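Here is a friendly briefing to read beside your model. Keep the viewer open and follow along topic by topic.

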Amino acid sequence: MTNALNGAGTSLRDTMILIPEIPGEWTQRTRSGSTQVWNDPWHKTGLPEVRMEPPTKGLFADRIDGAWYWVCACEKCLGTGKSYNYSPCEAHDRCVTCNCSRAELAEAPWGARDGGWRCKPCQEKLDAARKAEALAAAEANGHSEDDCVYTSDIICPYCATKQNSDARHESAQGLECGTCGGKFDLEVEWSPSYTTTKARAQAQQKGPQQ
Ligand SMILES: [Zn+2]
Ligand SMILES: [Zn+2]
Ligand SMILES: [Zn+2]
């Protein structure tokens with residue numbers, strides 16, 4: 001058993017703490033946030049419902065060889081690469097940019113791409129930096145509306161950022177660039193393509209019917 005249960009940088013991944021309160025025969029356990037719930041009435045096991053909090057943030061209860069243990073649930077500590085960390089440990093429940101804790105947040109954070117989160121001030125700084133960078137690059141490249149005509153991608157006429165074109169099948173007005181915030185109108189044009197197949201009745205024949 002590892003006891004590196006707190007402090008930044010330590011890993012919970014090898015934690016295995018027996019939970020003597022929970023009989024090993026019990027098999028029904030659900031998770032409600034960090035709370036572990038055995039025999040949730042919804043499952044009608046007939047057994048008493050028991051709720052427990054893990055001794056340390058980032059652990060959850062798992063049944064191993066017929067007994068219940070607190071083990072690591074933090075995807076980051078486990079290195080699973082999962083994009084959502086349901087039970088982050090104390091060290092991994094922090095802003096991926098400034099490392100502030102959840103308790104220090106004044107406003108709801110933004111999800112970060114790697115499964116963590118970013119505090120609002122850090123996200124705003126990052127967005128502003130991305131915007132300035134894109135606009136500067138567009139200016140340096142002489143980007144203009146002329147570069148946005150009959151393109152295969154939807155290109156922002158201000159900052160040249162490629163926009164998401166999924167489900168954009170129709171022309172629209174007043175769209176907003178996710179990078180620079182510039183408003184733009186979009187026209188979608190479809191070019192026809194053609195398919196021919198041999199008429200069913202003639203499909204077996206080599207050439208056209210006389
Ligand atoms: Zn962790
Ligand atoms: Zn931050
Ligand atoms: Zn833009």
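Arg-31 stands opposite Gln-36 in strand 3, within a pairing of strand 2 (residues 29-32) and strand 3 that has four bridges and runs antiparallel. Two strands count as paired when DSSP finds at least two bridges between them; strands are DSSP runs of E with at least two residues, helices are runs of H or I with at least four, and both are numbered from the N terminus. This is a predicted model, where local features need pLDDT of at least 70 and side-chain atom pairs count only at pLDDT 80 or more, while totals for chains, interfaces and linings use all residues. Residues are numbered from 1 along each chain as its sequence is written, and chains are lettered from A and ligands numbered from 1 in the order in which they are written.

**Around strand 3**

- The hairpin of strand 2 and strand 3 has two residues between the strands, and Gly-33 there takes a positive phi near 65 degrees.
- Strand 3 (residues 35-38) also pairs with strand 4 (residues 50-52), antiparallel and through three bridges; in this pairing Trp-38 stands opposite Val-50.
- The covered face of strand 3 holds Gln-36 and Trp-38, and the uncovered face holds Thr-35 and Val-37.
- In a regular strand, side chains alternate between the two faces of the sheet.

- Three strands form an open sheet in the order 1-6-5, with antiparallel pairing.
- Strand 1 (16-18) and strand 5 (59-64) are at the edges with a single partner strand each, so one side of each has no neighbour in the sheet.
- From one strand to the next, the twist averages 35 degrees (axes are lines fitted to C-alpha atoms, for helices over the stretch in contact, with angles from 0 to 180 degrees between N-to-C directions).
- Strand 5 and strand 6 (residues 67-72) run antiparallel and are joined by six bridges, with Arg-63 having Trp-68 in strand 6 as its bridge partner.

**Nonpolar cores**

- A nonpolar core is a set of buried Ala, Val, Leu, Ile, Met, Phe, Trp, Tyr and Cys residues joined through C-beta atoms within 7 Å.
- Buried means 20 or more other C-beta atoms within 10 Å of a residue's own, exposed means 12 or fewer, and partly exposed is in between, with C-beta atoms placed from the backbone.
- The largest core has eleven residues, including Leu-12, Ile-19, Trp-68, Trp-70 and Cys-89.
- Strand 6 gives the most to this core, with three residues.
- Apart from this core lies another, of nine residues, among them Ala-134, Cys-156, Tyr-158 and Cys-159.
- Beyond its neighbours within four places in sequence, Cys-89 is in contact with Leu-12, Lys-57, Gly-58, Cys-74 and Cys-77 (contact means C-beta atoms, placed from the backbone, within 7 Å).

- The protein is divided into domain 1 (16-91), domain 2 (94-142) and domain 3 (144-189), with bounds that come from an automatic or database domain assignment.
- The centres of domain 1 and domain 2, taken over C-alpha atoms, are separated by 33 Å.
- Just after helix 2, Gly-142 takes a positive phi of about 65 degrees.

**Strands 11 and 12**

- Strand 11 (residues 172-176) lies largely in the open, because the number buried among its five residues is zero.
- Three bridges join strand 11 to strand 12 (residues 183-186) in an antiparallel pairing, where Ala-172 has Leu-186 as its bridge partner.
- Six residues lie between the strands in this hairpin of strand 11 and strand 12, and Gly-181 takes a positive phi near 80 degrees.

**Loop residues to look at**

- Thr-27 is in the loop between strand 1 and strand 2 and counts as partly exposed, with 14 C-beta neighbours inside 10 Å.
- Thr-27 and Asp-62 are 35 residues apart in sequence, and 9.5 Å apart in space from C-alpha to C-alpha.
- Most residues other than glycine have a negative phi.
- Asn-99 has a positive phi of about 70 degrees although it is not a glycine; Asn-99 is in the loop between helix 1 (75-78) and strand 7 (110-111) and is exposed, with 12 other C-beta atoms within 10 Å.
- Ala-167, not a glycine either, has a positive phi of about 65 degrees; Ala-167 is in the loop between strand 10 (162-163) and strand 11 and counts as exposed, with 6 C-beta neighbours inside 10 Å.

Note on methods:
Contact = placed C-beta atoms within 7 Å.
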